Structure formats: C-alpha cells, structure tokens
2 protein chains.
Amino acid sequence: MAKPSVSASPSSTPLLKDELDIVIPTIRNLDFLEMWRPFFQPYHLIIVQDGDPSKVIKVPEGFDYELYNRNDINKILGPKASCISFKDSACRCFGYMVSKKKYIYTIDDDCFVAKDPTGKEINALEQHIKNLLCPSTPFFFNTLYDPYRYGADFVRGYPFSLREGVPTAVSHGLWLNIPDYDAPTQLVKPLERNTRYVDAVMTIPKGTLFPMCGMNLAFDRELIGPAMYFGLMGDGQPIGRYDDMWAGWCIKVICDHLGLGVKTGLPYIWHSKASNPFVNLKKEYKGIYWQEELIPFFQSVALPKECTSVQKCYLELSKQVKAKLGKVDDYFNKLADAMITWIEAWDELNPSTATAAKLPNGSSK
Amino acid sequence: MAKPSVSASPSSTPLLKDELDIVIPTIRNLDFLEMWRPFFQPYHLIIVQDGDPSKVIKVPEGFDYELYNRNDINKILGPKASCISFKDSACRCFGYMVSKKKYIYTIDDDCFVAKDPTGKEINALEQHIKNLLCPSTPFFFNTLYDPYRYGADFVRGYPFSLREGVPTAVSHGLWLNIPDYDAPTQLVKPLERNTRYVDAVMTIPKGTLFPMCGMNLAFDRELIGPAMYFGLMGDGQPIGRYDDMWAGWCIKVICDHLGLGVKTGLPYIWHSKASNPFVNLKKEYKGIYWQEELIPFFQSVALPKECTSVQKCYLELSKQVKAKLGKVDDYFNKLADAMITWIEAWDELNPSTATAAKLPNGSSK
C-alpha cells in the first residue's frame with residue numbers, strides 16, 4: 001500500500017462492500033444493528049443463529065443478509081456438521097466457511113459503536129479494513145507503533161530490508177467499557193471498566209502468542225480462513241469461552257510460519273454487558289487449567305517446510321495436537337479430529353482454494 | 001508490586017531520590033534544565049561533557065551534580081578510557097559506570113517537558129520509575145497493554161502462571177514533536193512531526209528486537225548496567241548514531257536470556273530540534289548497511305546456560321561479535337575488544353558487583 005506523501009492528507013479507505021462479509025453469531029433479535037446501520041448497511045451479513053432453530057430472529061429492515069440455524073448447518077454439512085459447536089458463539093466459524101468473500105468481519109451482538117476521545121463515533125469496520133490492507137511488521141518492533149500510519153514511520157535503527165512488511169492476515173480490535181476478562185478476574189473486579197483509549201495499531205511480533213478475542217475481529221479469508229476454526233465448545237463439550245483463544249493460537253503459529261501478519265489495537269467497539277462470571281467460571285475452569293499446557297505447546301510448535309498452505313499447516317497442527325495434547329485430556333483427541341473435519345468441510349464448500357490442501361493420507365482433494 | 005484494589009486510586013510513585021542518578025551528555029550550557037527543575041531538582045545529576053574539555057559548561061543554580069570532561073575520564077580510567085567514545089553522545093555511558101545508584105535516567109539536552117492531551121506537563125521521570133518498579137510480561141502479549149496499570153488487567157486467555165511477570169530492567173520512553181528518524185527518513189520527510197500521544201506502556205516480547213533510543217531512557221543498573229555500553233562511535237570511528245541501537249540489541253538479548261523485562265511507550269518528552277540530516281547521513285551510512293547483518297546476528301545469538309550474570313553474558317557476546325561480525329568489518333573486532341575493556345572498567349569502578357563476572361581466561365576478578 002502506498003504511503004501518503006509528506007503533505008497529503010490521510011488516504012481514504014476503500015469500502016470493499018463486495019469483498020467483505022459481516023458474520024454475527026446470535027440467539028436474539030438483532031436490534032443492535034440499528035446503531036451500526038450507517039456503517040454496516042452496505043455489506044452483506046451472515047447470521048449464524050445459535051440454540052433453538054425454531055426461534056425466529058428479527059433482523060432490522062434494510063439489511064442484506066443470509067441466516068443459518070442449526071438445521072441449515074446440519075443440512076449443508078451432513079455428518080461433518082459435528083465440527084461446528086452448538087450453544088456457544090464458536091458456531092460463528094460456520095459463517096466464515098460459507099462466505100464467498102475475501103474478507104470477514106465478525107462482531108458480537110452486545111457490541112455497540114464506541115466514541116473516540118473527541119466524541120466522534122468510531123467506524124470500526126473502516127479501521128479493520130485499513131489494518132488489513134496495510135502491511136504488518138512481525139520481524140522487528142517499531143517503537144512508534146504502525147509505521148504505515150499517517151504521521152508515523154519507521155524509526156532510526158529499523159532495518160531497511162524489513163520496511164516493506166508482510167501481508168496482514170488478521171486485525172484484532174479492542175473494547176471500551178466491559179473489558180474481556182476471564183471469570184476469576186470478573187469476580188475480583190466486577191466494577192472495572194476499560195476507559196483508556198490507546199490510539200495505536202501494532203503488529204504482534206513473530207514468535208509471540210496473544211489472547212485473540214472474537215468479539216471484534218477481522219481477517220483475510222484467502223490468507224488465513226481455513227485456520228480460523230473456533231473449535232469444539234458449548235453443548236456436549238467440557239469447555240467454553242476458549243473458542244477464540246484456540247483459533248488465536250492456531251492462526252498465530254500458522255501466520256508466523258507462512259510469513260503473514262497479525263495486528264492488534266484500534267478499532268474499539270463499546271462492549272455493553274458483562275456476561276455472568278459464575279456461568280463463565282463453569283465454562284472456563286478446565287480451559288484455565290489446560291491452558292498452562294496449551295501455551296507451551298503452541299510456543300514450541302514447529303511446522304515443517306512442506307506446509308506451504310494454510311490447510312497443510314492446519315492438518316499438521318491437528319496431528320501434533322493429537323500427539324502432544326491427547327494425553328492432557330481425551331478432549332484434545334476429539335478436537336484434533338474435528339480440526340480435520342473442519343478442513344474437509346472447508347474444502348468442500350470452497351473447492352477453488354481446496355487444491356492447495358492435502359489430506360493426511362496424501363491424496364489431494 | 002501490589003496491584004491497586006478495585007476502588008483504590010492509582011498508587012503514588014516513590015521518588016527514589018537517593019537511588020537514581022540522571023545522566024546527561026552535553027557540549028553546551030544546560031539551560032534546558034530550567035524547564036525540568038520541578039521534576040529533576042531532587043536528584044543527583046551526572047553530566048558527561050563531550051568535546052573540548054577546556055570549555056566551561058554552565059549548570060543552572062540549585063542542581064546537585066558532578067561533571068566529567070574528557071580529562072577526567074582519561075584520569076579515572078587510564079588506558080581503559082579507550083572504550084569511552086569521544087565527540088559522540090555515546091560518551092554518556094561513562095556516567096552509568098561512575099554512578100553508585102540503583103537506577104539511571106538518561107536524557108538529551110534538547111529534550112523538554114511534553115504535555116499530555118489534557119495539557120498537563122508530563123513528569124517523565126515519575127513514569128519511568130513506575131515502569132521500572134512494576135513487572136514486565138515478556139512471555140505472552142496482553143492486548144490491553146500494561147496489565148499492572150490502574151484500570152487494566154490481564155485479559156481472558158492470559159495464562160495465570162505468567163501473571164506475576166518478571167523484573168523490569170529497562171524503560172524506553174518516546175518523543176513528541178521531532179521523531180527519532182534516520183537520516184534518509186529525515187531527508188524524505190523533513191516536516192513530519194510526531195503529534196500522536198499513545199497512552200500505553202508495553203513489554204517488548206521475548207525474542208523481539210527493537211530500536212532503543214538513548215534520548216529518554218531509564219534502567220536498573222543493578223539488573224542490566226554492565227550491558228548498557230554505547231560502543232565506539234564518533235571521533236576516530238567509522239560510525240555514529242548507532243550507540244543506543246547497539247546497546248539496545250545487546251541489552252535485549254541479555255534480558256531475554258536472564259528473564260528480565262524491557263518496556264516501551266510512556267513517558268513522552270518534547271524533542272525540540274531535528275539534527276542535521278546531511279551530517280547524520282555521513283555518520284549513519286555504514287550503520288545502515290551493517291545493520292542488515294547485525295540484526296540477523298542478534299536474532300540468532302544464543303547465550304549458554306553458564307552465563308548467569310550480565311557480565312558473563314556480555315563477555316560471551318563480545319566473543320560472538322568477534323567471531324561472527326569481525327568478517328563484516330574490522331571495526332567489529334575493535335568493538336568486541338572495547339566491550340571487554342568496558343566490563344573490566346565497570347568491574348574496577350563497581351567492585352561489589354564485579355564478583356559475578358569472569359573474564360574470558362577464566363580468572364575471576
């Protein structure tokens with residue numbers, strides 16, 4: 001992306017209205033879209049209805065959308081629907097799979113438009129598009145944050161050979177008001193609110209893992225889509241609220257391997273309501289415990305050179321999950337199998353990109 | 001460090017007036033101290049006078065200081081004075097060596113007090129002290145930045161075993177107005193000013209290098225002092241303006257090895273005057289070229305387990321510099337020797353901490 005010249009004003013951001021889908025998992029009427037109307041109305045929405053499929057979800061008039069409930073998912077994926085979680089917002093990843101667009105933005109239905117410190121409403125999607133269209137710099141830290149931003153650059157001492165950056169695959173946005181805390185922290189600090197607007201976007205360095213939250217997240221489906229699997233959570237599973245974390249660890253090691261960038265920071269959304277910490281604790285407690293073994297696992301994952309596509313990386317990762325995490329709990333054997341099912345389902349629905357992938361038995365799809 | 005409780009106001013920061021020295025390299029009268037008087041007057045200053053030693057440097061009244069010119073340095077260090085640069089702000093590291101305090105803050109004499117977005121003058125030193133007294137989190141990225149800051153915490157998915165953090169060795173502050181650009185960027189963007197106040201402090205992750213600027217920098221001498229060597233620059237050397245960069249790469253790999261933290265972000269100072277880009281280009285051009293080999297070198301440096309003190313790490317690093325960078329240019333052989341001389345001089349002036357170090361021949365000092 002060309003940098004603005006010295007005296008130019010910040011370049012305008014393309015809308016990408018035919019290249020981006022907004023994916024929303026929900027169990028209720030989507031009144032929250034009213035507030036987003038000025039920003040979201042040009043886009044196509046993919047609504048993934050969780051829970052009781054007989055319930056009718058109302059979508060405010062004037063939005064262009066498709067809606068999938070559990071019956072639809074079962075019908076489209078057949079037995080492979082087992083890889084899509086039920087009664088957990090992890091079901092949203094079905095929307096990533098059925099999209100035909102290059103970019104995805106996903107947002108929770110309790111997230112509203114935030115204001116910047118000047119009082120101006122933040123167009124979160126526009127900032128995500130900026131982040132995705134602009135390179136990342138994972139190999140060396142720039143102390144003035146995003147070097148491609150208007151008014152900033154690479155500082156003294158930044159190697160010139162690294163200044164072109166790499167393509168950005170993921171843009172992770174943040175939250176004002178209710179911070180994304182785990183149940184123990186929610187319980188200890190019930191009144192804490194995030195009021196600090198940090199005016200920065202930065203690349204998460206290569207080799208560094210981060211906690212990716214699915215509340216306000218955008219990504220390039222073509223670059224990283226098949227790795228954006230939100231795992232097995234919720235109904236019938238021993239764990240919840242680790243769907244986005246799991247995806248975050250997987251996409252980060254794969255982006256690092258493939259030379260792709262992951263950004264975090266702007267844009268903020270306004271997170272309106274804290275979920276119930278007691279319910280959350282029940283969902284999370286195994287994750288809190290398992291996580292202590294998952295992080296060292298992901299920190300030491302090495303993907304072989306032959307893994308040249310996201311699908312190949314992901315299938316290799318599922319193998320390593322089974323080999324190394326299966327002994328932590330049998331759940332990870334199930335999860336490793338679901339990771340394979342996910343890739344099979346992805347490739348079925350996205351045949352044009354599937355040729356890049358090979359199944360473990362060596363036969364190409 | 002205890003975190004403030006839910007309802008408490010931000011805890012006050014200790015002054016540390018008997019535990020911190022301010023080191024200032026200069027060639028002129030220190031009128032800039034007038035603006036810093038409310039913040040710096042309680043502290044002891046170590047002024048390192050560069051250039052002509054017969055020149056008299058005026059220090060505003062009421063400051064407690066000691067001043068060293070080149071004659072003093074030669075007298076104190078004898079032949080070992082060869083490791084201290086002349087006619088380059090790299091000479092400041094002599095001040096780190098003669099200090100007897102636990103903490104150092106170093107600032108350039110063209111740096112003034114900046115204002116935060118509310119118009120309040122920023123006490124840069126107080127923020128550095130906060131940064132140094134509060135742990136770092138190099139092993140996992142926290143998306144809400146410094147988790148120990150008032151109003152923030154570790155987000156969901158942050159492993160609990162990593163929440164105690166590690167001791168912070170270095171606090172790297174930033175600059176409003178004139179950004180710290182290299183000569184080519186200065187030439188291309190002569191009018192660019194940094195006006196963006198990013199309200200964040202963050203740990204630079206383990207394994208990630210960064211461009212450390214010496215303009216507004218604090219560190220814990222006891223934890224990392226012997227690695228804060230600013231190299232051979234200026235008079236008689238083929239390179240300048242890489243003194244702080246060199247120190248930054250060295251301290252980062254040593255902090256990573258020893259499990260210490262490096263932070264960047266707040267506080268800002270107001271950098272008043274851009275240096276001459278044509279002069280800078282002459283000083284920098286070899287560095288710009290060499291840097292492309294230095295970064296891969298520092299990215300792949302491995303320090304053996306036996307390196308359990310900063311001195312041991314630093315001597316090992318000097319050995320690897322000679323072995324691997326000597327072939328880039330003979331300058332690095334001289335620099336590697338100067339690194340050893342620096343440690344010898346440090347240990348002579350700081351005998352109580354010297355026992356931790358061993359010289360390459362195996363004899364302890």
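Start by selecting A:Arg156: this residue counts as buried because its relative accessibility is 5% (buried means under 20% relative accessible area, exposed over 50%, partly exposed in between, with a 1.4 Å probe and protein chains only). You're looking at a predicted model, where local features need pLDDT of at least 70, side-chain atom pairs count only at pLDDT 80 or more, and totals for chains, interfaces and linings use all residues. Residues are numbered from 1 along each chain as its sequence is written, chains are lettered from A and ligands numbered from 1 in the order in which they are written, and side-chain values use heavy atoms, with hydrogens and water left out.

Now show what surrounds A:Arg156. Leaving out residues up to four places away in sequence, A:Arg156 touches B:Asp180, B:Tyr181, B:Cys213 and B:Glu284, among others (contact means heavy atoms within 4.5 Å).

Next, hop over to B:Arg156 and select A:Asp180 with it. Their side chains form a salt bridge, 2.9 Å from N to O; the rule asks for a side-chain nitrogen of Lys or Arg within 4 Å of a carboxyl oxygen of Asp or Glu. Across the interface of chain A and chain B, that rule finds 10 salt bridges.

Zoom out to the whole contact, with 64 residues from chain A and 64 residues from chain B. On the chain A side, pick A:Phe141, A:Arg156 and A:Arg196: they lose the most area to chain B, together 16% of what that side buries. The two chains bury about 5,400 Å² between them, 59% of it on carbon and sulfur atoms (buried area is the accessible area, 1.4 Å probe, that two parts lose on being put together, summed over both).
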